[in-house]
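Reader: I would like to learn how to read aromatic pairs and a sheet in a model. Could you walk me through an example?
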Amino acid sequence: MAVHLRKYLRLNKLPHIWCPGCGHGIILNSLIRAIDEVGLDQEKTVVVSGIGCSSRATGYLNFNTLHTTHGRAMAFATGVKLGNPDLNVIVLSGDGDSAAIGGNHLIHAARRNIDITTVVFNNNIYGMTSGQYSPLTPKGAYGTTAPYGNVDQAFDLCDLMISSGASYVGRGATYHAKQLTTLITSALDHKGFSFVEGISQCPTYYGRRNNLKTAVDMLQWQKDVTIKKKAAEKLSPEEQQEKIMIGELHKVADRPEYVEEYEKVIEKVSKKEGTTG
Amino acid sequence: MSEKKPQLIQGNEACVKAAIAAGIKFFAGYPITPSSEIAEGLAEELPKVSGRFIQMEDEIASMGAIIGGSLAGAKSMTATSGPGFSLKQENLGFAAMAEVPCVVVNVQRGGPSTGAPTLPSQGDMMQAKWGTHGDHPAIALCPASVRETFDLTVRAINLSEKYRTPVVLLIDEVIGHMRENVVLPTQDELEIVERKKPAKDLDNYLPYKADDDMIPPMANYGEGYLFHVTGLSHDETGFPDLKNPDVIGGLTERLVNKVEDNKDDIVEYSTENLDDAEVVIVAYGSAARTAATAMDQAREKGIKTGLITLKTIWPFPEEILTDLLKDVKTVVVPEMNLGQIKGEIKNCINLSQNIVGVNRVDGELITPAEILEAIVKEES
């Protein structure tokens, strides 16, 4: 850890409680490097999380932090942004938190294109409650509530975000930590709703049950299964199915941003009020 | 607000005017009858005062959003009705635990479940107190007229900022939709409370260290203090401490006591004809208006009847009622529920005193005749 990055962490709250081999620290590392790269004002930045392993990240971050109820981080964050639009708002969430209980809030934040950056720590499992399947657990994978293999189809959150109206969508992985930092940097720089999925490893509750016993096994799996968007485009649809596309997946520069659109309403109304006395 | 002239408005419209007058700058809500005029009114009024309105995807999100808005420094509010109020409960508990001032207006309708939309009810009295899990503070106010809706909306906002806690305004559909000719106070006649701020000592700010009044000063996000807010049981730093029973118990007790020990400041009620009363009606909301007519009719029949109108329901004024009711023979409690507050009042009287409820849960108003009948029956 570069010394100058320490100011972004609450060092007295470390070491963190994440399990040995967990990938969440790598995403946290990428996040603070990205925040530093973009030069966000620490005092004007609010980091909001829900409930779950990922959501403990707010405790370690030396910002205005808000650890909310399960799945509702996006709703609280929307209020923070509208309560004071000068604040930079970042949401940290897990796959269960954002895609199951919080799915509705996630798609509506994307639809509004509100200027919030969301980073989903996707470890494909409910870690905090010790290994139940999540909406991102692959079909057939095992969890404590999927003892015979998961029957549910998994979400592709990035596809969901693109179709819901997010104006920046990227996917990275802890194996590709530098790229993940670049993606979060671009997301923070982006005006509008930006979304980065970070594939993380949970050797404790996902790996051990799914024949990926160690963190190294899980990172090796990430290396094998991820593919850059450009390379993926050369594959047949069947071959693409086997792979997880990473990189900047979607970027639109000209979609109206929610807070700016509302500011126009305020201006319009105050002009009207002004002329009519 | 500058001119003092009578205007014919609904309770819900009075609520909107009061919200703007008391400094609400953020409203997040989800439409539900019979509260929707409050959202509609604030959608129109908030941008005029550089405030912001958002129609969220559901009531859960609305409650979360106003907590976020309040932490960011905007006085914040939402409005709903029964089913929506149920959905807000988890985040209402968060606001109580994290000490985030905000106001939830519940224009009640019949229940349970989707119940009887648009029909009047006073069915959420207990939900306002015990709807969320665990022990927590509860402040709930209950207006009985359009003018009182204005006054109690201002007061709800003020109390939430002063005590750093969510405050519930329990309007019933009759008051919310009834139009009355009212003269509202001017802006300079209103007392507006702002949240207590910490001293400018950025590095040593303890966000949950309470002063002697049990209320911690509150910094807004973006003012330079970097602090953590959580719904977990926490110490004065704001961080969870689940290993120390004193911290967990101390916090819960302080949260409850900052309200319970300040009943003198929070509780508001009015009395009529209590001096010689042998029968006293205790009522709130629209039922209090019916009760006033019934009281007059009982007096005409020679039955010495008085009326206590509760404007604060929670914290419950049991000491006050115990004192006011001590020489009374009979207490009559009309409610558009099956006796939710009657049970509380029962704790304020002794076994030799009668208590009788006049209750309706069929979406119809309680009539003066029904209350009068109960009084006459008890006195014969």
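Reader: How many aromatic pairs are there over all chains?

Author: The count comes to 8 aromatic pairs over all chains. Rings of Phe, Tyr and Trp (its six-membered ring) pair if their centres lie within 6.5 Å; planes under 30 degrees apart count as stacked, over 60 as edge-to-face and the rest as tilted. This is a predicted model, where local features need pLDDT of at least 70, side-chain atom pairs count only at pLDDT 80 or more, and totals for chains, interfaces and linings use all residues. Residues are numbered from 1 along each chain as its sequence is written, chains are lettered from A and ligands numbered from 1 in the order in which they are written, and side-chain values use heavy atoms, leaving out hydrogens and water.

Reader: How are B:Phe27 and B:Phe53 arranged?

Author: In general, a pair of aromatic rings is described by the distance of the centres and the angle of the planes. Here B:Phe27 and B:Phe53 are stacked, 5.6 Å centre to centre with 5 degrees between the planes.

Reader: Are B:Tyr205 and B:Phe227 buried or exposed?

Author: Buried means under 20% relative accessible area, exposed over 50%, partly exposed in between (1.4 Å probe, protein chains only). Both B:Tyr205 and B:Phe227 are buried. Ring pairs also link these two with B:Tyr221 and B:Tyr225 into a cluster.

Reader: And the sheet: which way do β11 and β12 of chain B run?

Author: Strands of a sheet pair through backbone hydrogen bonds, either parallel or antiparallel. Strands (E, at least two residues) are DSSP runs, numbered from the N terminus. In chain B, β11 (residues 279-283) and β12 (residues 305-310) run parallel, joined by 5 bridges.

Note on methods
Pairing = 2+ DSSP bridges. Helix = DSSP H or I, 4+ residues; strand = E, 2+ residues; numbered from the N terminus.
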